[in-house]
Amino acid sequence: MPSCPYCAKKLEQAVLDRDSFCPYCGNRLPKTGEKSSFIGRKIGGHYVITEKLGEGGMGYVFKARHTMLDKEVAIKVLREDFADNPDAFERFRREAKNTSRLNHSNAVAMYDFGQTDDNLVYIILEYIDGGDIKMILGSDGPFPESRAMPIFGQICDVLEEAHEQGIIHRDLKSENIMLCERTKKRDFVKVLDFGIAKLMNVGGRTTGGTLTQKGVVFGTPQYMCPEQVQGLKMDQRSDIYSLGVIMYEVLAGEVPFNAGNPVDIMVKQVKEKPESFRKFPKLKVSSTLEKIVMKCLEKKPQARFQTARELKEALLMILDTGSLPHFSSGFQTVSEEGPKARKDVISTSSGIKRKKIPVGFKLVNIEGLDSNETAIFKTTPIRIGRHSSNDIVVKQPRVSKMHAEVHIKDNQYILIDKASLNGSYVNGRSIKAEVIENDDLLEFSKSQGLKVRFKVICE
């Protein structure tokens with residue numbers, strides 16, 4: 001009796017003939033007689049396919065070699081029966097586009113995207129000589145904290161980069177995270193497959209379109225957040241939930257929610273709480289790390305860590321001190337909360353003075369803004385740069401794509417330079433991170449850049 005190539009459940013031939021998707025795991029089933037071997041074929045002029053690495057719902061993945069550079073690559077090919085499907089083609093193209101936008105060592109690199117004369121659509125990717133977390137867990141079993149923590153930190157790093165670009169993954173799972181060896185470093189992380197990734201609404205502007213409609217669910221049930229299951233709006237906190245599932249799986253050897261069919265799994269994601277690691281008597285998971293994992297798995301997005309950076313900082317605190325400050329399920333971060341509703345005494349370079357409570361800020365143009373002043377920003381971080389995903393977008397070529405950010409903490413506004421090429425300046429001084437005050441002069445590049453006056457709005 002034939003079986004599903006993904007979940008190995010036995011299937012009647014009538015199911016294969018009638019259905020496109022497995023009734024147990026929801027993955028697409030290959031059609032009878034469907035071509036899957038491209039071994040020996042040359043693609044993109046220089047890449048010869050040498051080995052099949054795997055296949056998924058929309059395509060195949062092959063290993064190939066660049067004939068002139070003698071370099072190994074991975075080639076992802078859209079299935080033949082999807083070639084004439086506009087939505088499938090656009091989703092495939094968007095995966096290429098999103099992957100090309102990420103310039104991070106923990107994200108798989110994309111080299112090329114194209115279509116052959118006979119309509120074969122392909123993506124040329126970095127070849128990763130390693131295994132995915134799901135596969136490694138099958139052979140090694142649950143990871144000890146000492147091995148798991150650096151892996152979690154690296155995933156946070158690449159998610160932070162993606163989220164800053166306005167990209168949410170939406171299909172983060174253990175099969176999409178490869179571990180390899182780089183520069184003699186074991187368990188170097190590579191995050192794959194931004195095929196259903198979506199561009200977020202950043203600063204009130206939509207940074208890109210979406211191929212999905214409201215109420216339509218995409219993803220892998222075991223890793224889907226409650227809002228994804230319900231077809232609701234998703235943001236970076238949705239990826240935090242999926243990462244929480246992966247963290248649980250890495251530490252326990254199994255995902256927190258599973259069942260015999262996708263629907264039952266999705267119901268559990270919405271209604272059930274994950275079981276404590278204490279149910280696994282052989283595991284040695286610290287209570288502090290368990291708190292972090294369970295916070296990632298909160299049903300309400302506002303109760304999770306709000307950013308990948310915040311999650312990474314909590315993990316680092318465990319490594320540094322072995323403990324965490326108390327946080328409740330209603331925990332909020334700088335990115336979500338406004339200034340604290342209390343009077344503050346603030347130390348500055350000119351002495352100590354009492355200030356009114358700031359409720360927001362704006363930038364008044366001196367040089368570089370298209371308008372005389374910006375809107376009033378009441379929440380932070382506010383990102384400034386040339387890239388369209390920033391909250392304040394400027395066109396000056398000497399301003400970096402991701403130049404700087406303004407944060408608020410303890411009623412103080414802080415300007416943070418994001419390793420820009422031409423620097424950030426406060427009142428003429430080059431800075432990396434600086435408390436800024438009302439009427440300070442901010443410059444992003446000293447020449448042909450952005451020059452503004454910082455104005456605090458107080459109540």
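1. Helix axes here are lines fitted to C-alpha atoms over the stretch in contact, and the angle between two of them runs from 0 to 180 degrees between N-to-C directions. On that basis, helix α4 (residues 145–164) and helix α6 (residues 236–252) have axes that come within 11 Å and cross at roughly 165°. An angle over 145 degrees counts as roughly antiparallel, and α4 and α6 are therefore roughly antiparallel to each other. Their crossing is right-handed. The model is a predicted one, and the points below should be read with that in mind.

2. The chain as a whole. The chain has 459 residues, of which 50% count as buried. It contains nine helices and 25 strands. Of the contacts between residues at least 6 apart in sequence, 54% join residues at least 24 apart.

3. The contact of α4 with α6. On the α4 side, the residues involved are Glu-145, Ala-148, Phe-152, Ile-155, Cys-156, Leu-159 and His-163. They meet Gln-236, Asp-239, Leu-243, Met-247, Val-250 and Leu-251 of α6. Sorted by class, this contact has nine nonpolar residues, two polar and two charged.

4. Helix α4 on its own. α4 is made of 20 residues and spans 28 Å from its first C-alpha to its last, close to the 28 Å expected at 1.5 Å a residue. The helix is mostly covered, with 17 of its 20 residues buried. Just after α4 comes Gly-166, which takes a positive phi of about 85°.

5. The contact of α6 with α8. α6 also packs against helix α8 (residues 287–296), at an angle of about 140° and with the axes 7 Å apart. That angle makes α6 oblique to α8. The crossing of this pair is left-handed, whereas that of α4 and α6 is right-handed. From α6, the residues in contact are Ile-240, Tyr-241, Gly-244, Met-247, Tyr-248 and Leu-251. Their partners in α8 are Leu-289, Ile-292, Val-293, Met-294 and Cys-296. By class, the contact has 10 nonpolar residues, one polar and no charged ones. Met-247 and Leu-251 are listed here and also among the α6 residues that meet α4.

6. Helix α2. This helix (residues 86–101) has 16 residues and reaches 22 Å between its first and last C-alpha, close to the 22 Å expected at 1.5 Å a residue. Its buried residues are Ala-88, Arg-91, Phe-92, Arg-94, Glu-95, Ala-96, Asn-98, Thr-99 and Arg-101.

7. His-46. Which part of the chain holds His-46? His-46 sits in the loop between β1 (42–43) and β2 (47–55). With a relative accessible area of 31%, His-46 is partly exposed. Setting aside neighbours within four places in sequence, His-46 is in contact with Arg-65, His-66, Thr-67 and Met-68. For Met-68, the separation from His-46 is 22 residues in sequence and 7.0 Å in space, C-alpha to C-alpha.

8. Val-393. This residue belongs to strand β18 (residues 392–393). Is Val-393 buried or partly exposed? Its relative accessibility is 37%, so Val-393 counts as partly exposed. Val-393 and Arg-383 lie 10 residues apart in sequence, and their C-alpha atoms are 8.5 Å apart in space.

Technical notes: Residues are numbered from 1 along each chain as its sequence is written. This is a predicted model: local features need pLDDT of at least 70, side-chain atom pairs count only at pLDDT 80 or more; totals for chains, interfaces and linings use all residues. Side-chain values use heavy atoms; hydrogens and water are left out. Helices (H or I, at least four residues) and strands (E, at least two) are DSSP runs, numbered from the N terminus. Angles under 35 degrees count as roughly parallel, over 145 as roughly antiparallel, 65 to 115 as roughly perpendicular and the rest as oblique. A crossing is left-handed if the near helix is turned anticlockwise from the far one by less than a right angle, and right-handed if clockwise. Contact means heavy atoms within 4.5 Å. Ala, Val, Leu, Ile, Met, Phe, Trp, Tyr, Cys and Pro count as nonpolar, Asp, Glu, Lys and Arg as charged, and the others, Gly among them, as polar. The expected span of a helix is 1.5 Å times one less than its number of residues. Buried means under 20% relative accessible area, exposed over 50%, partly exposed in between (1.4 Å probe, protein chains only).
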